[in-house]
Amino acid sequence: MSDQGIRDARKLGMPKMLLLGFQHMFAMFGATVLVPALTGLSVSATLLFAGLGTLLFHFLAKGKVPAFLGSSFAFIGGYHAVNALVGNTEALNWIPYAGVGVICAGLLYVILSALFRAFGAKAVMRYFPPIVTGPVIICIGMTLANSAINNCSANWWIALLAIAIVVVCNIWGKGMIKIIPILLGVVGSYAVAALCGQLDPAKVAAIADAKWLGVPFHMKDTVFSLFGNCDLGMLGSAIITMMPIALATMVEHIGDMCAISSTVGENFIAKPGLHRTLLGDGLATALAAMFGAPANTTYGENTGVLALTKVYDPRVIRIAAVLAVIFSFCPKFAALVSAMPTATIGGVSLILYGMISAVGVRNVVENQVDFTKNRNVIIAALIMSLSLGITFSSNGALVLGPISLSGLAVGAIVGILLNAILPGNDYEFGKNEVGDTAVNFKV
């Protein structure tokens with residue numbers, strides 16, 4: 001394998017590409033399945049629209065960006081808020097109301113996409129330089145690391161086994177062993193946990209009871225169920241609650257695109273362009289919300305897999321998406337995944353989340369951000385302190401009336417505003433591609 005990584009996985013053969021696809025699918029499973037588990041949404045619907053959303057994203061991004069779309073954690077607080085609001089009213093199902101709010105949030109992506117299309121990446125990216133996106137990427141990984149530690153604490157021996165398998169396979173493995181360490185870490189630690197009787201008996205019983213085939217979603221959870229039976233007041237409140245969350249997720253999307261570009265060594269912000277990736281993410285989110293599935297977002301876990309394996313072919317991601325769609329129609333498989341030891345998810349996630357932050361550090365270093373400038377120090381300091389401080393505060397969010405903003409949202413917004421206001425903003429997107437002030441994606 002060259003330092004440039006594998007750009008065309010077809011030379012590995014279809015069986016190995018399928019294994020790589022399974023690895024990407026399992027990498028996103030822990031977090032993707034956790035969102036419906038925490039909110040009460042359907043696991044099968046989540047898998048279906050993670051797969052379909054990813055395929056839609058790839059279609060709109062011309063099949064160039066190796067990104068997987070999974071459940072967004074940023075919307076969890078919004079789901080709980082809408083559930084509390086609508087759930088107190090008998091005979092009303094909160095899920096369709098939240099879905100309409102998420103659809104409106106997805107439309108904000110479309111608006112930002114249109115701005116990129118109209119004014120060009122150079123004009124818009126002036127507000128998203130590496131001094132903003134780098135610390136945001138770092139904080140994405142760090143805010144998730146807490147959940148990884150909590151998951152590991154369920155059984156540290158199983159978590160450490162998963163970590164050990166990933167490290168040993170990636171550092172000392174040969175051939176395919178080196179390329180699929182995440183998959184091997186999941187399967188190996190899962191198998192040991194099963195042999196040692198560490199699986200939840202109720203979840204094991206659920207595997208036996210689950211059917212082989214089933215419809216992934218229920219019509220009562222779709223937004224179409226509101227036709228002719230809608231409380232407009234509740235609907236307005238749901239929209240007001242969910243839409244502002246897109247402010248955070250859109251900045252996360254830009255950060256993720258920078259991270260993927262830095263990892264792969266191609267400037268995806270310029271080609272196929274952020275207007276295409278934002279449109280794909282927003283429409284995938286709206287599509288999922290229509291059918292009662294969680295909002296989608298580009299997944300850092302899969303970016304971590306890219307960094308670890310150095311297999312950058314988007315075809316592998318599309319294979320993972322197709323597998324997710326197929327398995328969404330199998331409740332037994334969903335039950336099997338749900339029975340995965342929490343510690344296994346934690347161990348694997350601990351590595352992947354850390355790699356997200358490492359990519360953020362790389363983004364700052366490779367773009368040679370000048371920290372002798374006070375403006376850059378202040379911007380980075382406030383992004384990180386607000387993002388992490390608010391996330392791990394007692395409320396876990398900044399609550400402003402009916403609006404609840406995550407730490408990442410506040411940090412990103414403050415960073416964007418400070419970068420625009422403070423003097424000395426000499427960043428120019430695309431200047432000298434590999435130069436001192438450019439986005440250094442090593443094209």
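Mentor: Leaving aside neighbours within four places in sequence, Tyr 79 is in contact with Thr 39, Leu 41, Trp 94, Ala 98, Val 102, Met 242, Ala 293, Pro 294 and Ala 295; contact here means heavy atoms within 4.5 Å. Please note that this is a predicted model, in which local features need pLDDT of at least 70 and side-chain atom pairs count only at pLDDT 80 or more, while totals for chains, interfaces and linings use all residues. Residues are numbered from 1 along each chain as its sequence is written, and side-chain values use heavy atoms, with hydrogens and water left out.

Tyr 79 is buried, and so is Trp 94; buried means under 20% relative accessible area, exposed over 50%, and partly exposed in between, with a 1.4 Å probe and protein chains only. Tyr 79 and Phe 116 are the residues with the most contacts inside the largest nonpolar core, which has 71 residues. Such a core is a set of buried Ala, Val, Leu, Ile, Met, Phe, Trp, Tyr and Cys residues joined through side-chain atoms within 4.5 Å. Helix α4 (residues 94-119) gives the most to this core, with 11 residues. Helices are DSSP runs of H or I, at least four residues, numbered from the N terminus. Apart from this core lies another, of 49 residues, among them Met 17, Val 186, Ile 207 and Leu 352.

Let us turn to the rings. There are 8 aromatic pairs, counted where rings of Phe, Tyr and Trp (its six-membered ring) have centres within 6.5 Å; planes under 30 degrees apart count as stacked, over 60 as edge-to-face and the rest as tilted. Tyr 79 and Trp 94 form an edge-to-face pair, with 6.1 Å from centre to centre and 70° between the planes. This pair links distant parts of the chain, since Tyr 79 is in helix α3 (residues 76-86) and Trp 94 in helix α4, 15 residues apart. The rings of Phe 224 and Phe 227 have centres 6.1 Å apart and planes at 70°, so that pair is edge-to-face. Phe 224 is partly exposed at 35% relative accessibility, and Phe 227 is exposed at 66%.

Charged side chains complete the description. The whole structure holds 5 salt bridges, each a side-chain nitrogen of Lys or Arg within 4 Å of a carboxyl oxygen of Asp or Glu. In one of them, the side chains of Arg 7 and Glu 266 meet at 2.6 Å, N to O. Arg 7 lies in the segment before α1 (14-39) and Glu 266 in the loop between α12 (245-264) and α13 (269-290), so the pair ties together parts that are 259 residues apart in sequence. Arg 7 is partly exposed at 30%, and Glu 266 is partly exposed at 33%.

Technical notes
Helices (H or I, at least four residues) and strands (E, at least two) are DSSP runs, numbered from the N terminus.
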